[in-house]
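Dear colleague,

Please find below the structure that I am handing over to you, together with its sequence. My findings follow directly after it.

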Amino acid sequence: MSDDVTAEDGGAIPHWYSPDGDGITIVDGEDATVYDDAGNAYLDFLSQLYCVNAGHSNETILDAIDDQARTVPYVSSAKHNDTRSALAGALTDVAPANLTDVFFSVTGSEANEAAIQIARKVQDAPKVLTRWQSYHGGTYGAGALTGDPSTRSTLERYAATTGSGKFLPPLPECFDGATGEALAEKAANHVEYVLRNEGTDSVAAIVMEPVAGTSGAYTAPPGYFERLRAICDDHDVLLISDEVIAGFGRCGDWFGIQTEGVKPDMITFAKGVTSAYVPLAGVIVDEAVAAEVRAADHDLGQTFAGHPVACAAGLAALEAYDDGLIENGVEVGAYLEERLKAVADRHDAIRECRGRGMLWSLVFEDPETGEPFFDPLSEAEGENPVAAVRQEAEDHGVLFGSGRPDVQVIVSPPLCVTREEVDQAVDALDAAIETVFAETAAPADD
Ligand code: PMP
């Protein structure tokens with residue numbers, strides 16, 4: 001073994017790697033808690049990567065994985081399999097009624113790539129529109145959709161990604177709007193403006209998260225998605241809801257777009273579909289779109305797409321969500337919201353608390369300047385107190401997430417979390433903010 005290989009990772013390079021990163025080694029988990037190799041317990045208030053929605057030890061899912069592996073562990077993705085068909089049926093049962101068919105894949109990135117392959121083919125148009133700041137994946141195809149500048153610059157340092165135009169997110173810092181409705185109108189008009197400028201005939205689809213995920217848990221202002229649906233209909237463009245994070249109870253409903261009362265042409269999903277116990281993803285497509293895909297050859301596929309073991313995990317996870325987890329997420333989510341908003345009110349360093357259900361962001365800002373304490377996009381070096389808050393919370397046994405950009409703390413626990421765990425985690429966050437900002441504010445006397 002080379003000297004460069006650290007004992008912690010045994011040679012496995014962590015994703016989103018940074019030489020300054022210092023990840024813990026997780027060896028065990030139960031419900032909303034994980035344990036490191038020294039036996040320390042952590043409340044997992046990020047569900048690892050927003051994905052272990054059912055918690056870490058759901059027996060129903062584990063049994064289903066075991067049973068399927070013993071029945072038939074693998075069936076070609078070009079053939080039929082009963083478990084795969086059952087999951088397709090279960091997914092279309094809980095999705096908006098117009099979505100009738102499922103094209104499985106393995107990861108969220110590949111689900112988005114499959115969706116745009118289908119959209120481009122069905123619409124016979126090359127471009128897709130997505131928003132700045134968004135995250136839709138890190139492979140070249142899905143990476144083209146991603147608007148997060150950090151992912152873009154990493155991907156595009158050596159090769160251009162193509163086929164995607166960008167528009168601004170519906171945020172107050174992008175558009176003036178005295179009310180949510182006014183903001184929605186201005187932001188949606190802007191999407192139509194971008195669409196016209198790209199050439200409406202050249203645009204196959206708009207891809208958007210119903211509630212932003214890694215970019216900061218922001219919800220759309222009221223009426224925004226309705227207007228987008230109308231714009232897509234007017235210009236014959238498909239609307240694709242990326243539910244890789246927002247789906248499976250994370251934002252209060254089976255899918256985040258259902259809360260908006262809007263029917264998308266496709267939903268892409270991954271992560272929570274199996275509670276991340278086994279990789280699985282895919283696209284749920286509208287009946288008319290499915291008919292077009294089925295009308296001719298669609299000579300694309302992936303060996304592991306719709307893996308039977310993953311589909312069995314998916315069926316069991318959906319059962320668990322239906323069996324009280326989504327309900328618990330809504331109930332405890334309301335309590336989490338209340339507690340986080342109280343923390344936001346207590347600290348001048350927090351500009352905003354935003355989110356829905358079990359997905360929240362506390363956005364930090366220097367109250368004196370109205371700017372981030374540290375802007376990772378424009379400052380190469382420096383201390384980021386928001387990262388220090390997360391580290392302080394981790395040192396006290398609670399894991400939170402960083403957003404893109406890293407000006408926020410993201411809170412996204414498993415749906416099985418209890419009120420007591422919320423209290424413990426939010427108290428630790430509150431104390432961490434107190435410690436870090438008291439230190440930052442302390443006068444330098446030497
Ligand atoms: N879409 C969204 C909204 C995501 O947040 C992510 C990953 N965090 C992806 C797609 C890509 O999923 P994966 O990492 O499984 O490729």
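Which residue in E10 does Val-102 stand opposite? The residue is Ile-284. Please bear in mind throughout that this is a predicted model.

The two strands concerned are E4, residues 99-105, and E10, residues 281-286. They run antiparallel and are joined by six bridges. Strand E4 is mostly covered, since five of its seven residues are buried.

I then turned to the ligand. Its surroundings are formed by Thr-107, Gly-108, Ser-109, Asn-112, Tyr-135, His-136, Gly-137, Glu-209, Asp-242, Val-244, Ile-245 and Lys-271. When this shell is sorted by class, six residues are polar, three are nonpolar and three are charged. The element that contributes the most to the shell is helix H4, which spans residues 108-123 and supplies three residues.

Ser-109 places a side-chain N or O atom 2.6 Å from an oxygen atom of the ligand. Gly-108 takes part through its backbone, where an N or O atom lies 2.9 Å from a ligand oxygen atom. In the case of Asp-242, a polar side-chain atom is found 2.8 Å from a nitrogen atom of the ligand. On its own, the ligand has 390 Å² of accessible area, and the protein covers 87% of this.

I would be grateful for your comments on the model.

With kind regards

Conventions: Residues are numbered from 1 along each chain as its sequence is written. This is a predicted model: local features need pLDDT of at least 70, side-chain atom pairs count only at pLDDT 80 or more; totals for chains, interfaces and linings use all residues. Side-chain values use heavy atoms; hydrogens and water are left out. A residue is near a molecule or strand if one of its heavy atoms lies within 4 Å of it. A polar contact is a pair of N or O atoms within 3.5 Å; within protein, one must be able to donate a hydrogen and the other to accept it, and residues adjacent in sequence count only if both atoms are side-chain atoms. Accessible areas come from the Shrake-Rupley method with a 1.4 Å probe; for residues, only the protein chains shown count as cover. Helices (H or I, at least four residues) and strands (E, at least two) are DSSP runs, numbered from the N terminus. Ala, Val, Leu, Ile, Met, Phe, Trp, Tyr, Cys and Pro count as nonpolar, Asp, Glu, Lys and Arg as charged, and the others, Gly among them, as polar. Buried means under 20% relative accessible area, exposed over 50%, partly exposed in between (1.4 Å probe, protein chains only). Two strands pair if DSSP finds at least two bridges between them.
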